[in-house]
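Open the model in your viewer and show it as a cartoon.

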Amino acid sequence: MRVSNLITNYGFELITDTDSTVEINGVYSSDLLSFVMANGNSGNAWITVQAHLNILAVASLMEFSCIILPYGVQIDNEVVKKANEENINILKTELDHHDIYKIFIDEEEHESIL
Amino acid sequence: MNSFITNNEGIVLKYIVGTDDFSIVGEVSSKIKKVLKQLNIDNKLIRRVAIATYEAEVNVAIHSLGGYIEVEIIKNEIKIKIRDNGPGIKDTNLAMEKGYSTASTKARELGFGAGMGLPNMKRCSDEFKIESKFGEYTELNMKFVV
């Protein structure tokens, strides 16, 4: 699934001016940055409620496909600006972790049928 | 980059890391990652180095009075040294335990201070040494086989 799929089919809002054609490879969720560094994988969509500048360094080093802010978490313009510079997709949704995971599971099942 | 030396032996990069400035944490590891990419080093190895240097950078910013990260790239090896100006670690064995942390509330609120930094560095590197003198310094030495 591509990042754009979350926008078109599931109402996620892309708050950065970045390349949403990137392919997502799995999903990871944690708000402790060391856990993310230790357990995340390249291409992951990363769900976190952390919305400060440091998430960009982590997303960039780990080569994540996007950051997903659940529960409509607010983010500073400063972070969005920096994300644009570094071409890091940040998506916002009102959904919680469970519902986001459900989308990924449904999509995986859909893909395996195809 | 604060200094860049290249000779027959290889390349040595040195970066100063400040203290308590969380907003720029990750910049040094990003720069190191870029250099390694230019050198066409294997992606998986780059990720390990990136994770280890990021954790080191976080530690210097959170815990120390400032320090530096030095990267030496030679033919079959990447050596990384992180040294700070103190205050040093009282018990390095305790510091190496997963989940043990002395990070401030401020750092924890940002998602740092999970007590996983040093164990992550050890896991990512092929050789890991920590040395500290309380009241003086902490020095980490890591080696990665290319």
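This is a predicted model: local features need pLDDT of at least 70, side-chain atom pairs count only at pLDDT 80 or more; totals for chains, interfaces and linings use all residues.

Now widen the selection to both strands. β1 of chain B covers residues 3–7 and β2 of chain B covers residues 10–17. They run antiparallel and are joined by five bridges.

Next, pick B:V17. Its opposite residue is B:G67 in β3(B). Colour residues 67–74 of chain B to see the whole of strand β3. Seven bridges tie it to β2(B), and this pair is antiparallel.

Move to chain A. Show its open sheet of five strands, ordered β1-β5-β4-β3-β2, with mixed pairing. Which strands stand at the edges? Select 13–14 for β1 and 27–29 for β2 of chain A. Each has a single partner strand, so one side of each is left without a neighbour in the sheet.

A:L14 stands opposite A:L91 in β5(A). Strand β5 of chain A spans residues 90–92, and two bridges join it to β1(A) in an antiparallel pair.

Finish where the chains meet. The contact draws 14 residues from chain A and 18 residues from chain B. On the chain A side, select α2 (33–39) and α3 (54–62), the elements that give two or more residues. α2(A) gives the most, with five residues. By class, this side of chain A has eight nonpolar, five polar and one charged residues.

Conventions. Residues are numbered from 1 along each chain as its sequence is written. Chains are lettered from A and ligands numbered from 1 in the order in which they are written. Two residues are in contact if their C-beta atoms, placed from the backbone, lie within 7 Å. Helices (H or I, at least four residues) and strands (E, at least two) are DSSP runs, numbered from the N terminus. Ala, Val, Leu, Ile, Met, Phe, Trp, Tyr, Cys and Pro count as nonpolar, Asp, Glu, Lys and Arg as charged, and the others, Gly among them, as polar. Two strands pair if DSSP finds at least two bridges between them.
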